[in-house]
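Hi,

Here is the structure I said I would pass on.

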Amino acid sequence: MKRLMLPLLAVALTLGGCASKDSGSSSRYSMKHDRGPDQAISMAHVPDAVPRYEPVSRWGNKSPYEVLGKRYYVLPNAEGYRVRGNASWYGKKFHGHTTSNGEIYDMYQMTAAHKSLPLPSFVRVTNLDNGRQVVVRVNDRGPFHDDRVIDLSYAAAYRLDMLQKGTARVEVEAIIPGSTGAVLAQSREEEGRSLVSADQAAITGRMLQIAAFSTESGARDVAERLRGLLQEPVQINPVQREARTLYRVHLGPLTGSHTLSWILDQLKAAGYPGAHLVDLP
């Protein structure tokens, strides 16, 4: 996941941020070591990239080009490309910086870096260890390691379940816009959007009960943490149980801005695995 930093903007746009190692001569990247986001974020519902015709980018397609003394050649087109090898991923260190074709890298989008495919290209990546697949848009150059064939965004790596290990054995297959594979990828994305919309509609106006406390101060502490974690309203609702009062912490009414699965993932990562939907009090 390490990158090469080059002093000239034109060269940087040609080669991007996805190279072998840092030279230490530039302050382009504020982080020394790459990593994911500071808090665990679910990328399960990020849709695949949709293959569509795009003209070849002005930047990032020079052929041949050199990195660390090694020469690389850009393919004239992506048709028929199918390779197996190792994939890696890159994240926060490069988030917000320029990619090889002049776009801005967003680790939460389904993108990737490749040494020789034309920019942009669309490829299907299959994790050979678990069978998971994603479709990504290639808009960057790299990774410049002999034993790696593609460098994936954080979102794509999450979907392939390879974040913890850092690398994975994959098959990379080009998808040509207008082909059967491209139509299938678009159909899957539309289906995914429908499912997400249905999920959001089903929870709008509902509430999640996070926990119940015997003291109001304990409930207030958790409520304050939740207000800093999620952009959803938080309530403390007391209820009488025989001779005592319980203070229930509720998230909601939910706005529908996020899917239920995403919210539950954030709560679980924050230490609240028992959250569940309840009716309005």
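Let's start with a charged pair: Asp48 and Arg159 form a salt bridge, with their closest N and O atoms 2.9 Å apart. Asp48 sits in the loop between helix 1 (9–15) and strand 1 (65–67), while Arg159 belongs to helix 2 (residues 154–159), so this contact ties together parts that are 111 residues apart in sequence. Both Asp48 and Arg159 are buried. Keep in mind that this is a predicted model.

In total there are ten salt bridges in the structure. Another of them joins Glu103 to Arg137, where the closest N and O atoms are 2.8 Å apart. This pair also links distant parts of the chain, 34 residues apart: Glu103 is in the loop between strand 3 and strand 4, and Arg137 is in strand 6 (residues 133–140). Glu103 is partly exposed at 27% relative accessible area, whereas Arg137 has 15% and is buried. Glu54 comes in here too, as Glu54, Glu103 and Arg137 are linked in a network of salt bridges.

Then there is Arg71 with Glu66, a salt bridge whose closest N and O atoms are 3.2 Å apart. Arg71 counts as partly exposed, at 46% relative accessibility, and Glu66 is likewise partly exposed at 46%.

On to the rings. The structure holds seven aromatic pairs. In one of them, Tyr65 and Tyr72 have ring centres 5.5 Å apart and planes at 25 degrees, so they count as stacked. Tyr65 is buried at 4% relative accessible area, and Tyr72 is buried as well, at 10%. Tyr90 and Tyr105 are also stacked, because their planes are at 15 degrees with the ring centres 4.3 Å apart. With Tyr90 in strand 3 (82–90) and Tyr105 in the loop between strand 3 and strand 4 (111–113), the pair ties together parts 15 residues apart in sequence. Tyr90 is buried at 1% relative accessibility, and Tyr105 is buried at 2%. Ring pairs also link Tyr65 and Tyr72 with Phe144 into a cluster.

Four strands form an open, antiparallel sheet in the order 10-11-9-12. Strand 10 (234–241) and strand 12 (276–278) are at the edges with a single partner strand each, so one side of each has no neighbour in the sheet. Neighbouring strands are turned by 45 degrees against each other on average, ignoring direction. Strand 9 (207–213) pairs with strand 12 over three bridges, and Leu208 stands opposite Leu277 of strand 12. Helix 5 (260–269) packs on this sheet, touching strand 9, strand 11 (244–251) and strand 12.

Cheers

Definitions and conventions:
Residues are numbered from 1 along each chain as its sequence is written. This is a predicted model: local features need pLDDT of at least 70, side-chain atom pairs count only at pLDDT 80 or more; totals for chains, interfaces and linings use all residues. Side-chain values use heavy atoms; hydrogens and water are left out. Rings of Phe, Tyr and Trp (its six-membered ring) pair if their centres lie within 6.5 Å; planes under 30 degrees apart count as stacked, over 60 as edge-to-face and the rest as tilted. Buried means under 20% relative accessible area, exposed over 50%, partly exposed in between (1.4 Å probe, protein chains only). Helices (H or I, at least four residues) and strands (E, at least two) are DSSP runs, numbered from the N terminus. Two strands pair if DSSP finds at least two bridges between them. Axes are lines fitted to C-alpha atoms, for helices over the stretch in contact, and angles run from 0 to 180 degrees between N-to-C directions. Contact means heavy atoms within 4.5 Å. A salt bridge is a side-chain nitrogen of Lys or Arg within 4 Å of a carboxyl oxygen of Asp or Glu.
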